[in-house]
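User: I'd like to learn how to read a two-chain model, feature by feature. Could you walk me through this one?

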Amino acid sequence: MKVEVHTEGLRRTKWHECALRFFLGGAITVIAGLIAKKFGPAMGGLFLAFPAIFPASATLVEKHEREKKEEKGLQGMERGKQAAAQDAVGAAMGSLGLLVFAVLVWLLLPAYKAVWVLIGAGIAWLMASCGIWALRQSRRRIFRDFRRDWGPARN
Amino acid sequence: MIDIVLRFVIGGLFVTAFAVIGDLFKPKTFAGLFGAAPSVALATLALTIGKEGKPFAALEARSMLAGAAALFLYSLVVSRLTMRLRWPAMRATLAALVVWFGTAYGLWWACFR
């Protein structure tokens with residue numbers, strides 16, 4: 001499956017939905033800072049990977065997919081849930097990239113210039129996440145081809 | 001107070017930017033990668049390095065490993081709840097927060113306390 005860029009998703013996103021993401025993102029950044037201040041960096045660091053906007057994002061994905069189907073006169077409920085589930089699978093792969101990000105910052109930050117470590121770790125997150133996604137896609141394709149070529153014959 | 005406002009604005013901007021980038025892509029599994037982008041981490045670490053220094057931020061990044069592992073499990077649970085049990089996204093994502101807190105705290109207690 002090819003990765004495509006579509007602006008339709010942006011057109012469906014309303015201003016109040018962006019504002020909600022902004023508010024939740026800002027709130028969790030403040031909370032992470034306050035927790036680190038009160039309980040120390042070891043506890044505060046946990047919240048750097050807190051799924052702050054995930055509930056809002058997954059709900060929006062579900063809503064947008066449902067609306068798209070309903071505009072065509074189809075039942076959109078199931079498709080909406082499926083899209084939210086796929087979004088969550090993507091987030092699982094992204095969180096493996098987040099592990100790479102955290103390891104790099106933890107190990108390299110004391111020794112190197114902060115700005116380069118953060119930029120490098122950000123790029124590493126993107127490459128690791130995309131790599132894991134591509135690997136999953138190719139594995140699925142291999143299994144699908146294997147089932148087609150070697151699986152039970154269909155009448 | 002200024003520090004809190006600055007954190008709020010920078011954190012909000014980073015998170016919104018990554019969410020908007022995620023909205024641009026198809027298929028949904030690829031767009032979902034951006035749901036686990038290091039948006040809060042980048043904003044927080046950049047501000048922490050400036051205020052508390054690099055060793056403090058490095059310790060935060062070490063604990064982030066537990067948070068990221070918890071996020072991995074959380075995302076898988078959300079996917080299962082919506083696909084297999086047909087839960088609405090809001091219910092699944094909120095209920096699964098228990099998994100995130102449990103895993104993150106458990107790993108933190110076992111490894112980084």
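**Reading the chains and their contact**

Analyst: Happy to. From the N terminus on, chain B runs α-β-α-α-α-α-α, where helices (H or I, at least four residues) and strands (E, at least two) are DSSP runs numbered from the N terminus. This is a predicted model, in which local features need pLDDT of at least 70 and side-chain atom pairs count only at pLDDT 80 or more, while totals for chains, interfaces and linings use all residues. Residues are numbered from 1 along each chain as its sequence is written, and chains are lettered from A and ligands numbered from 1 in the order in which they are written.

User: How many helices and strands does chain B have, and what does its C-alpha trace span along the principal axes?

Analyst: Chain B has six helices and one strand. Its C-alpha trace spans about 45 × 35 × 25 Å along the principal axes. Chain B is also divided into domain 1 (1-52) and domain 2 (64-113), with bounds that come from an automatic or database domain assignment. The C-alpha centres of these two domains of chain B lie 19 Å apart.

User: Now the interface. How many residues of chain A are in contact with chain B?

Analyst: As a general idea, the size of an interface is often given as the accessible area lost when the parts come together. Here we count residues in contact, meaning that their C-beta atoms, placed from the backbone, lie within 7 Å. On that basis, 73 residues of chain A are in contact with 72 residues of chain B. Helix 5 (77-108) of chain A is one of the elements that supply at least two residues of this side of chain A, and it gives the largest share, 24 residues. By class, the side of chain A that touches chain B has 48 nonpolar (Ala, Val, Leu, Ile, Met, Phe, Trp, Tyr, Cys and Pro), 20 polar (the others, Gly among them) and five charged residues (Asp, Glu, Lys and Arg).

User: Which element of chain B does helix 5 of chain A pack against, and at what angle?

Analyst: Axes are lines fitted to C-alpha atoms, for helices over the stretch in contact, and angles run from 0 to 180 degrees between N-to-C directions. Helix 5 of chain A packs with helix 4 (residues 54-83) of chain B at about 165°, their axes 8 Å apart. That makes the two helices roughly antiparallel (over 145 degrees). The residues of this contact divide into 24 nonpolar, five polar and two charged.

User: And how do helix 2 of chain A and helix 3 of chain B cross?

Analyst: Their axes come within 10 Å and cross at roughly 50°.

User: Is the peptide bond from Lys26(B) to Pro27(B) cis or trans?

Analyst: That bond is cis, with omega near 5°. Pro27(B) lies in the loop between strand 1 and helix 2 (28-32) of chain B.

Definitions and conventions
Two residues are in contact if their C-beta atoms, placed from the backbone, lie within 7 Å. Angles under 35 degrees count as roughly parallel, over 145 as roughly antiparallel, 65 to 115 as roughly perpendicular and the rest as oblique.
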